[in-house]
Number of protein chains: 2
Amino acid sequence: MRAERGDDALGVLDRMTCILEAFDQDDRGLGISELALRAGLPKSTVSRLVATLVRQRYLERDGRLIHLGLRLFELGQLAEQPRELRIAALPVMTDLRNRTGENVHLAIRDARAMVCIAMVRGRGGAMPAVRTGTRVPIHASALGKAALAHAAPAEVDEVVSEELDALTTETVTDPVLLERELADIRRGGTAVEDRELDPDVRGIAAAVLVPGSGLAGAISVSGRAEDFDASRYAADVRAAAKTVAQRLASFGPARG
Amino acid sequence: MRAERGDDALGVLDRMTCILEAFDQDDRGLGISELALRAGLPKSTVSRLVATLVRQRYLERDGRLIHLGLRLFELGQLAEQPRELRIAALPVMTDLRNRTGENVHLAIRDARAMVCIAMVRGRGGAMPAVRTGTRVPIHASALGKAALAHAAPAEVDEVVSEELDALTTETVTDPVLLERELADIRRGGTAVEDRELDPDVRGIAAAVLVPGSGLAGAISVSGRAEDFDASRYAADVRAAAKTVAQRLASFGPARG
DNA sequence: GCACGCGTCCCACTGGGTGGAACCAGATGC
DNA sequence: GCATCTGGTTCCACCCAGTGGGACGCGTGC
């Protein structure tokens, strides 16, 4: 009954990962047994490791329930890539949201997904489709398509070749159509998305491209599908992305 | 040349902590040697552990430079306490910022500090004194005082008895004065702060108190010291805190 | 060229980590 | 009341993952 990982040479850190991984979006604390089950580890091991992790403050414990700890949140905020981008982008995002009144998102590409690292809520109170810290599939969002359009052709092929799953009836899953769309994005500078991620949301995004060091992320404006006119915001989004890139470049020399 | 921790029975997880702890606010990546130095661990050990942590994606590596990884950011966002509070508070914060036009912060208490978990930038573009993920001393901020006022008397004593350091000339460091102020806060429902944290910032905050389960955090409005009138926002801040508490309570039964 | 600093690899040693089983605590039920 | 169940902790003999000093290789600068 070993832990279920491809390569079964697992050290303490791998076990720890299994434990931390076990938590997801929306559970309110797990007990040791449940945790052991999800992590695929013996209860005694989990009990011991959890005790250590609680001492280290990566986990918190409230009676029998275990939670991810505040310390983890703090550490996460120190992560460089999101931190720098967020600092560069926040004022620009706020400005963009003031101009448009819509929800504004900032995300970083990670493999086949975009990780949302900041958000400013619009005036309308439209429930944002994406929350900070969550991932969205790269092919099914304006953010993702904007980013993907500026990836190396080989990478694009790799993403596109894989089976693209449809999140709504509108999601573009045809490789050819998607590639064509990416070409348009490269030309026009913005990517649009029409109910491809959430049946009630539309959006428009632009990539944040830093001259020396390439793609840093993407920024988007989105709102309720009924009354959202993407074309109206294109210029603003493009300008915002450019400003963010400039600010980012001015902070310090690109790394790598 | 052992790692410098009070109790020197250190396992892998403790070593890992030493490594992750080594990163701070504003460095742009560390080399193995520098990291080993800061962590107080042998270079070979650090090299090996870092390799593992990179595999686990807690760290990222870009040539010789090591960074905290995106995965850590994602995990951190899953931490329950900040997540729930943030979800409950964000729309309310946005609304509060629209009413006031000033920077709005949300924080959670942790021992002698307040950890900022969300922020909405004001209209004025005043540089916020506090960023998401950072800590501010509990006695030197509106957020902190609002929270502290609702802690158990024993806890208050514990905090107050310790030496309180002055961050500016205005920071309240006298225990007696502070206790008196806390009493006022309990009475009036809001805490004010006048250049006590940053010589150019003033603010006002209210505690988010959830009936069954006590203090969940604090919410504040702050702005440039010159033209900031705390009293004008008192009612709004109080109302916002109350709304957040209600939303939080409505999400699910209190834990613990 | 030589010396220096940085990162990785090697390898004999050992104690931190393991996990099944026993144990304990509280809740439920008849 | 006793039996039972579920969830968490502790025990302890076994052993392999992790250790770290030192050798090695690489790039850099004097």
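Biologist: Which residue in S7(B) stands opposite Ala191(B)?

Modeller: In this predicted model, the residue opposite Ala191(B) is Ala205(B) of S7(B).

Biologist: What makes S6(B) and strand S7 (residues 201-210) of chain B a pair?

Modeller: DSSP has to find at least two bridges between two strands for them to pair. S6(B) and S7(B) have four bridges, so they pair by that criterion. The sense of the pairing is antiparallel.

Biologist: What lies between the two strands of that hairpin, and which residue there takes a positive phi?

Modeller: Six residues lie between S6(B) and S7(B). In this hairpin Arg195(B) takes the positive phi, near 60°.

Biologist: Which sheet holds S6(B) and S7(B), and in what order do its strands stand?

Modeller: The order is S5-S4-S3-S8-S7-S6 in chain B, six strands with antiparallel pairing.

Biologist: Why are two of its strands said to stand at the edges?

Modeller: Strand S5 (135-137) and strand S6 (191-194) of chain B each have a single partner strand, so one side of each lacks a neighbour in the sheet. The sheet is an open one. Between neighbouring strands the average turn is 30°, with direction ignored.

Biologist: What is the corresponding sheet order in chain A?

Modeller: Chain A has an open sheet of six antiparallel strands, ordered S5-S4-S3-S8-S7-S6. Its edges are strand S5 (135-137) and strand S6 (191-194) of chain A, each with a single partner strand, so each has one side without a neighbour in the sheet. From one strand to the next the twist averages 30°.

Biologist: How many bridges join S3 and S4 of chain A?

Modeller: Seven bridges join strand S3 (residues 103-110) and strand S4 (residues 113-120) of chain A, in the antiparallel sense. Asp110(A) has Ala113(A) of S4(A) opposite.

Biologist: What makes S1(B) and S2(B) a pair?

Modeller: Strand S1 (residues 59-62) of chain B has four bridges to S2(B), which passes the requirement of at least two. These strands run antiparallel. Arg61(B) has Ile66(B) as its bridge partner in S2(B). The hairpin has two residues between the strands, and Gly63(B) takes a positive phi near 70°.

Biologist: How do you know that the copies meet through the same surface?

Modeller: Of the interface residues of chain B, 100% are also interface residues in chain A, so the surface is the same.

Biologist: How many residues are in contact, and what makes a contact?

Modeller: A contact requires C-beta atoms, placed from the backbone, within 7 Å. By that test 44 residues of chain B are in contact with 44 residues of chain A. The elements of chain B that each supply at least two residues include H1, H3, strand S2 (65-68) and helix H5 (80-100). H4(B) gives the largest share of this side, eight residues. By class, the side of chain B that touches chain A has 20 nonpolar, 17 polar and seven charged residues.

Biologist: Which residues are closest to DNA strand D?

Modeller: Gly11(A), Gly31(A), Ile32(A), Ser33(A) and Ser44(A) are the closest of the 19 residues that surround DNA strand D. Both chains supply elements with two or more residues there, among them helix H2 (32-39) of chain A and helix H1 (12-21) of chain B. This surface has seven nonpolar, seven polar and five charged residues.

Biologist: Which residues are closest to DNA strand C, and which element gives the most to the surface there?

Modeller: DNA strand C is surrounded by 18 residues, the closest being Gly11(B), Gly31(B), Ile32(B), Ser33(B) and Ser44(B). H3(A) gives the most, four residues. The classes here are seven nonpolar, seven polar and four charged.

Key
Residues are numbered from 1 along each chain as its sequence is written. Chains are lettered from A and ligands numbered from 1 in the order in which they are written. This is a predicted model: local features need pLDDT of at least 70, side-chain atom pairs count only at pLDDT 80 or more; totals for chains, interfaces and linings use all residues. Two residues are in contact if their C-beta atoms, placed from the backbone, lie within 7 Å. Axes are lines fitted to C-alpha atoms, for helices over the stretch in contact, and angles run from 0 to 180 degrees between N-to-C directions. A residue is near a molecule or strand if its C-beta atom, placed from the backbone, lies within 6 Å of it. Ala, Val, Leu, Ile, Met, Phe, Trp, Tyr, Cys and Pro count as nonpolar, Asp, Glu, Lys and Arg as charged, and the others, Gly among them, as polar.
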